[in-house]
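We'll go stop by stop.

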Amino acid sequence: MGRTDADVIVVGAGLAGLVAAHELTSRGRKVALVDQENAANLGGQAYWSFGGLFLVDSPEQRRLGIKDSFDLAWSDWQGSAQFDRVDDEDSWAVRWARAYVEWAAGEKRSWLKGHGIELLPTVGWAERGDLRADGHGNSVPRFHIAWGTGTGVVGPFADHAKKAAADGLLTFRHRHRVDELLVDGGAVRGVRGTLLAPDDSPRGAASNREPVGEFELTAQAVIVTSGGIGADHDLVRRHWPERLGTPPAEMVTGVPAYVDGRMLDISAAAGARLVNRDRMWHYTEGLRNWNPVWPGHGIRVLPGPSSLWFDALGRRLPDPCLPGYDTLGTLKHLRTTEDIAGHDHSWFILTRKIVEKEFALSGSEQNPDITAKDKRAVLRDRLLGKGAPGPVNDFLRHGADFVVADTLERLVDKMNALTDKPLLDAAAIRRQIEARDLQITNPYSKDAQVQGIRNARRYIGDRLGRVATPHRFLDPAAGPLIGVKLHILTRKTLGGIQTDLDSRALGTDGTPVEGLYAAGEVAGFGGGGVHGYNALEGTFLGGCLFSGRAAGRAAAARTA
Ligand SMILES: Cc1cc2nc3c(=O)[nH]c(=O)nc-3n(C[C@H](O)[C@H](O)[C@H](O)COP(=O)(O)OP(=O)(O)OC[C@H]3O[C@@H](n4cnc5c(N)ncnc54)[C@H](O)[C@@H]3O)c2cc1C
C-alpha cells in the first residue's frame with residue numbers, strides 16, 4: 001500500500017472515537033480524527049450526558065448495603081435483553097453482552113479510575129423493571145454517577161487526544177463530513193467526504209451544512225464511531241417497530257443534531273451488515289427545554305417512583321408502567337392502546353414534596369453541581385437543602401410543560417389548557433388519587449406503586465436522597481400540586497453495525513470487512529445490539545468505552 005494520511009482514520013470524535021483514538025496513539029499509531037462538527041463539540045453526546053455508569057458489585061454498592069453479583073446482573077441483563085435472534089442478528093450481541101457484564105463486574109471500575117474517572121458515593125436505582133424476577137430491570141441499584149457527570153467521563157479522553165495532537169500522533173479534521181468509505185479490493189482504506197464551511201456555533205448548537213470543498217483521506221483501517229439516529233425523527237419513525245405501535249407524530253429531541261445516523265447506510269454501502277435496526281431506546285418522560293441548545297431540545301426527567309402517571313385521557317397507567325420502572329413497556333402501552341395512541345403525551349401529577357425530593361433531570365448542564373465537581377454544592381443542594389434543585393426550579397418557573405395549583409380541580413383546568421382540546425376530567429382523576437391516598441395509611445398496601453415506594457425506601461440511598469416520605473397527594477401540607485406534560489424523547493439507537501469482539505465490522509456473509517471497525521452507538525454499543533430489546537441504564541457510556549477500547553486495540557494490533 002502507498003503513502004497514507006494516517007495509520008487509522010476514526011470517524012466521529014465522540015466518546016467511542018476518543019477512546020479508540022487513545023488506544024491507538026498510546027501504541028504509537030497515527031490517527032486522523034474526523035468529525036463533521038467544530039472543535040467545540042469534541043466529545044459528542046457524552047459531554048451532555050448525565051455520566052451514569054453501570055457497575056456490578058462495586059465498593060460504592062457494598063458500602064450502601066447492596067448485595068450484587070455477576071450472576072444477578074447477568075440474569076437481569078438477559079431478562080432485559082430478551083435476545084431472540086441468537087442464530088442471526090444477536091449472535092455477536094449476546095457475546096458482547098456477557099463480556100460487558102463481566103467487565104462491569106470486574107475490571108471496569110479500576111480501568112475508569114486509572115483514567116481519572118471518579119464516582120459519586122451514591123448509587124441510583126434506574127429501570128426498576130417489569131416486576132418479574134426473570135423479566136426486565138435492575139434487581140438492585142447499579143447506576144453510578146461520574147464526578148463531573150458526562151464531562152468527567154469524556155474529559156480525560158478529550159485531553160489525551162489534544163496531547164496526542166501536540167505530540168504529532170493525531171490530527172483533528174473538524175468540519176469534515178464523511179460521505180463515503182473508500183474500498184479497495186474488498187478492504188476499507190479510507191474516507192471521502194465534504195468539507196463544511198467553518199462554523200463557530202457553541203457546543204451542541206446545530207451547525208451549517210454548507211459545502212466548501214471535498215476531501216479524501218487514506219489509512220490502513222477505518223473505525224466508525226459516528227453515533228446513533230436520534231436527531232432524525234423521520235429515520236426514527238422509519239425504523240419504529242410494529243411492537244411499539246404507532247410512531248408519535250411529535251417528539252422532542254434528546255440528542256444534538258449531529259446524531260444524524262448517516263454513517264449507517266454509508267457503512268452498509270462499504271459492505272457492513274446493519275442489524276437490529278428496530279431496537280431503540282426512547283423515553284416517555286421528555287420535557288420541552290425552556291432554554292434549548294439544539295433544535296427541538298428535550299430533557300428527560302429521571303423520575304423517582306412516587307409521581308402518579310396518567311395517560312392523555314386521565315387514566316392512571318397500569319403496572320409496570322410506573323415512573324422509573326420500564327421505559328419501553330410504558331412506551332408500548334402509550335403507543336399501542338387504541339384510544340390514546342393518537343395523542344403524543346402523558347402526564348405526571350405530583351406534589352411539592354415529591355418534586356423536591358425526587359425530580360432529577362438528565363444531562364450535564366442540568367446538574368451543574370456534579371458537573372463542576374463541587375462537593376459542597378452537592379451536599380448543600382441534594383442532601384441537606386430544602387426545596388428542589390435550581391435547574392428543576394427553573395423548569396417549574398419557565399417550563400412550558402409545568403402547571404402548579406393549590407387544588408386538583410384548578411390543576412386539571414391548567415393541564416387541559418396545555419392541550420388542543422380539554423381531555424381530562426377532574427372528577428375522574430380525583431377518584432383515582434383518593435383511592436391511591438387510601439393505600440398510604442398502612443406500611444403495606446395492595447397498590448403496586450405504593451408497594452414499590454415502600455420497597456425503595458428500604459434502600460438507604462433512596463430513603464435519604466431519592467424517594468419522598470409516603471404521603472397523601474391531597475394533603476394540603478404536601479402541596480401545591482404539580483402537573484407535568486410528558487413527551488416522547490428520542491435518544492438511543494440499540495442496533496447498528498454488527499461487530500465481533502474485536503469491534504471488526506462484519507459483512508452480510510458474517511466475515512469481517514477488512515479494514516473496517518465500528519464502536520459505540522453506531523455499533524449498537526457492541527456487536528450490533530449489546531442491549532437486545534431493553535437497557536439497564538448507564539450502559540451506553542460504558543458500551544462506548546468498552547467497544548471503543550476493543551476497536552482501538554484491535555486496529556492497533558493489525559496496523560503494527
Ligand atoms: C442528554 C444525554 C444524557 C445521557 N446520559 C447517559 C448516561 O447517564 N449514561 C449513559 O450510559 N449514557 C447516557 N447517554 C448516552 C451516551 O451519551 C451516548 O450514547 C454516547 O455518548 C454515544 O457516543 P458515541 O461516541 O457512540 O457517539 P456520539 O457522541 O454521537 O459521537 C458521534 C460523532 O460522530 C460525528 N459524525 C457522525 N456522522 C459523521 C460523518 N458522516 N462524518 C463525520 N463525523 C460524523 C458526530 O458529529 C459526532 O461528533 C446520554 C446522552 C444524552 C444526549
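Which residues does Val-222 touch, not counting residues up to four places away in sequence? Select Val-222 and you'll find Ile-9, Val-11, Leu-181, Val-188, Gly-190, Val-191, Gly-515 and Leu-516. Touching here means that the C-beta atoms, placed from the backbone, lie within 7 Å.

Some ground rules before moving on. This is a predicted model, where local features need pLDDT of at least 70, side-chain atom pairs count only at pLDDT 80 or more, and totals for chains, interfaces and linings use all residues. Residues are numbered from 1 along each chain as its sequence is written.

**The core**

Val-222 belongs to the largest nonpolar core, which has 154 residues; Ile-9, Leu-15, Val-222 and Ile-223 are those with the most contacts inside it. Such a core is a set of buried Ala, Val, Leu, Ile, Met, Phe, Trp, Tyr and Cys residues joined through C-beta atoms within 7 Å. Buried means 20 or more other C-beta atoms within 10 Å of a residue's own; 12 or fewer is exposed, and in between is partly exposed.

Now select helix α19 (residues 539–558), which gives the most to this core, with 10 residues. Helices (H or I, at least four residues) and strands (E, at least two) are DSSP runs, numbered from the N terminus. Domain 1 (8–226 + 494–558) and domain 2 (287–489) both supply core residues, so the core lies between them. Another core, of 5 residues, lies apart from it, and includes Met-251, Val-252, Tyr-283 and Leu-489.

**Two domains**

Colour the two domains separately, using bounds that come from an automatic or database domain assignment. Their C-alpha centres lie 31 Å apart. The contact takes 32 residues from domain 1 and 26 residues from domain 2. On the domain 1 side, α2 (44–48), β4 and α7 (149–166) each supply at least two residues, and α7 gives the most, with 4 residues.

Select β3, β5 and β4: they make an open sheet of 3 strands in the order β3-β5-β4, with antiparallel pairing. Two strands pair if DSSP finds at least two bridges between them. β3 (52–54) and β4 (119–124) stand at the edges with a single partner strand each, so one side of each has no neighbour in the sheet. Between β3 and β5 (residues 143–146) there are 3 bridges; look for Leu-53 opposite His-144.

Next, pick β7, β8 and β9, another open antiparallel sheet of 3 strands, in that order. Here the edge strands are β7 (176–184) and β9 (211–218). Strand β8 (residues 187–196) is joined to β9 by 7 bridges, and Thr-194 has Glu-214 as its bridge partner in β9.

Most residues other than glycine have a negative phi, and most peptide bonds are trans.

- Asp-319 and Pro-320 are joined by a cis peptide bond, with omega about 0°; Pro-320 is in the loop between β15 (308–310) and α10 (327–336).
- Gly-479 to Pro-480 is also cis, with omega near 5°; find Pro-480 in the loop between α18 (460–465) and β19 (481–493).
- Glu-127 has a positive phi, near 40°, in the loop between β4 and β5.
- Ser-503 has a positive phi, near 60°, in the loop between β20 (496–497) and β21 (504–506).

Is Ser-503 buried or exposed? With 32 C-beta neighbours inside 10 Å, Ser-503 counts as buried. Glu-127 is buried too, with 23 other C-beta atoms within 10 Å.

Methods:
Two residues are in contact if their C-beta atoms, placed from the backbone, lie within 7 Å.
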